[in-house]
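Thanks for coming. Please have a look at the screen before I go on.

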Amino acid sequence: MLTKGIRGAITVDENTAEAIRQATKELLSTLIELNNLNEEKISHVIFTLTEDLNAEFPAKFARMDFNWNNAAMMCFHELNVPNSLQKCLRILIVVNCENDFKPKFAYLKGAANLRII
């Protein structure tokens, strides 16, 4: 068994706890569905937010709304690169998987510009 990363990103409408919650739920729901995830497969999760988003921790909503109570999670600020995408929440879910698992990524709303899906 090995570990692989599943990446995703979404833009958040505004710097409020509710907007961060909704964006977190939308992105996690999409990644869970695309990758047939359950908490037992998760090694750890890293959330990053651009510096203009600081109203709440996205990991809080993964615990509250998805019952991810045993997965290790951390939240960080994204590097503030000039002219980069603002109000962006990024997620890296590291999963324990078989060698043939092919992660499916999701870039939603304004974050679709970050990658070609």
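Let me begin with Asn-35. Leaving aside residues up to four places away in sequence, Asn-35 touches Ile-6, Phe-101, Lys-102, Pro-103 and Lys-104. Keep in mind that this is a predicted model.

Where is Asn-35 found? It is in helix α1. Is Asn-35 buried or exposed? Its relative accessibility is 5%, and the cut-off for buried is under 20%, so Asn-35 counts as buried.

Now the helix itself. Helix α1 covers residues 17-35, which is 19 residues. From its first C-alpha to its last it reaches 27 Å, close to the 27 Å expected at 1.5 Å a residue.

Which residues of α1 are buried? They are Ala-19, Ile-20, Ala-23, Thr-24, Leu-27, Leu-28, Leu-31 and, again, Asn-35. These residues cover an arc of only 150° around the axis, so they sit on the same side of α1.

What do the buried residues of α1 pack against? There are strands, namely β1 (2-11), β2 (42-49), β4 (88-97) and β5 (106-108), and there is helix α2 (58-66).

Just after α1 comes Asn-36, which takes a positive phi of about 50°.

Last, a residue for contrast. Phe-57 is found in the loop between β2 and α2. Phe-57 has a relative accessible area of 54% and is therefore exposed. Along the chain, Phe-57 and Gln-86 are 29 residues apart, and their C-alpha atoms are separated by 17 Å.

That is what I have for today.

Conventions. Residues are numbered from 1 along each chain as its sequence is written. This is a predicted model: local features need pLDDT of at least 70, side-chain atom pairs count only at pLDDT 80 or more; totals for chains, interfaces and linings use all residues. Side-chain values use heavy atoms; hydrogens and water are left out. Helices (H or I, at least four residues) and strands (E, at least two) are DSSP runs, numbered from the N terminus. The expected span of a helix is 1.5 Å times one less than its number of residues. Buried means under 20% relative accessible area, exposed over 50%, partly exposed in between (1.4 Å probe, protein chains only). The arc is that of the directions from the helix axis to the C-beta atoms. Contact means heavy atoms within 4.5 Å.
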